[in-house]
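Thanks for coming. I have one structure for today, so please look at the screen.

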Amino acid sequence: MKVVYVEPNKIAEIVKIDSGLKSMQKAVGGYIEAVYPFADPVAIICNEEGKINGLELNRGFADDKGDLYEIIAGTFFVCLARPDSEDFEGLPDELASKYLEMFKCPEVFIMFNRKLISVKVGC
């Protein structure tokens, strides 16, 4: 299946991975967790123990005011999915392009004025 693959400190890329559980676990380096933060029918598949295991911070999610509310730790990928299903599929070209652009640039996280902020680097 075609996914947007996002590793810490690297530019996101479109890759093909097998849709089997073992392949998805290999892609994220452990047990998978699906997160559904967008209105589109997509999921972020990440390592469910990424933060607990101290994996490197990868990309953040901000609210409308730009305040970070979540940071994904470790490698993740974006695929087509529905919250009421555990079936994951490859992304159509339009969504692949959209999420490739969204996650294209690596991010670093710093404290500034007692607030955690994300800074895009390397693009």
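First, the ground rules. This is a predicted model, in which local features need pLDDT of at least 70 and side-chain atom pairs count only at pLDDT 80 or more, while totals for chains, interfaces and linings use all residues. Residues are numbered from 1 along each chain as its sequence is written, and side-chain values use heavy atoms, with hydrogens and water left out.

Now the strands. When I say strand or helix, I mean a DSSP run, numbered from the N terminus: at least two residues of E for a strand, at least four of H or I for a helix. Two strands count as paired if DSSP finds at least two bridges between them.

There is an open sheet of 5 strands, in the order β2-β1-β7-β4-β3, and the pairing is antiparallel. Which strands are at the edges? They are β2, residues 13–16, and β3, and each pairs on one side only. From one strand to the next, the twist averages 35°. That angle is taken between axes, which are lines fitted to C-alpha atoms, for helices over the stretch in contact; angles run from 0 to 180 degrees between N-to-C directions.

Inside that sheet, β1 (residues 2–6) and β7 (residues 76–80) run antiparallel and are joined by 3 bridges. Tyr5 stands opposite Phe77 of β7. Further along, β3 (residues 32–35) and β4 (residues 42–47) are antiparallel too, with 4 bridges. Ile32 has Asn47 in β4 as its bridge partner. β3 and β4 make a hairpin, with 6 residues between them.

Another hairpin is formed by β5 and β6, with 5 residues between the strands, and in it Gly66 takes a positive phi near 90°. β5 covers residues 57–62 and β6 residues 68–73; they run antiparallel, with 5 bridges. Ala62 is opposite Leu68 in β6.

Next, the cysteines. A disulfide here is a pair of cysteine sulfur atoms within 2.5 Å. How many does the structure hold? It holds 1. The partners are Cys105 and Cys123, with their sulfur atoms 2.3 Å apart. The torsion about their S-S bond is about -130°, so the disulfide is left-handed. Cys105 lies in the loop between α2 (93–103) and β8, and Cys123 in the segment after β9 (115–120), so the bond ties together parts that are 18 residues apart in sequence.

For burial, I use relative accessible area: buried is under 20%, exposed is over 50%, and partly exposed is in between, with a 1.4 Å probe and protein chains only. Cys105 is buried at 16%, whereas Cys123 is exposed at 58%.

Cys46 is in no disulfide. Cys46 is buried at 5% relative accessibility, and Cys79 is buried at 0%.

Last, the surface. Val108, Ile110, Val119 and Val121 make a nonpolar patch of about 240 Å². Patch residues have over 30% relative accessible area and no salt bridge; like charges are joined within 9 Å, and nonpolar side chains (Val, Leu, Ile, Met, Phe, Trp, Tyr) within 5 Å. A salt bridge means a side-chain nitrogen of Lys or Arg within 4 Å of a carboxyl oxygen of Asp or Glu. Areas come from the Shrake-Rupley method with a 1.4 Å probe, and for residues only the protein chains shown count as cover. Ile110 sits in β8, residues 107–112, and is partly exposed at 39%.

That is what I have.
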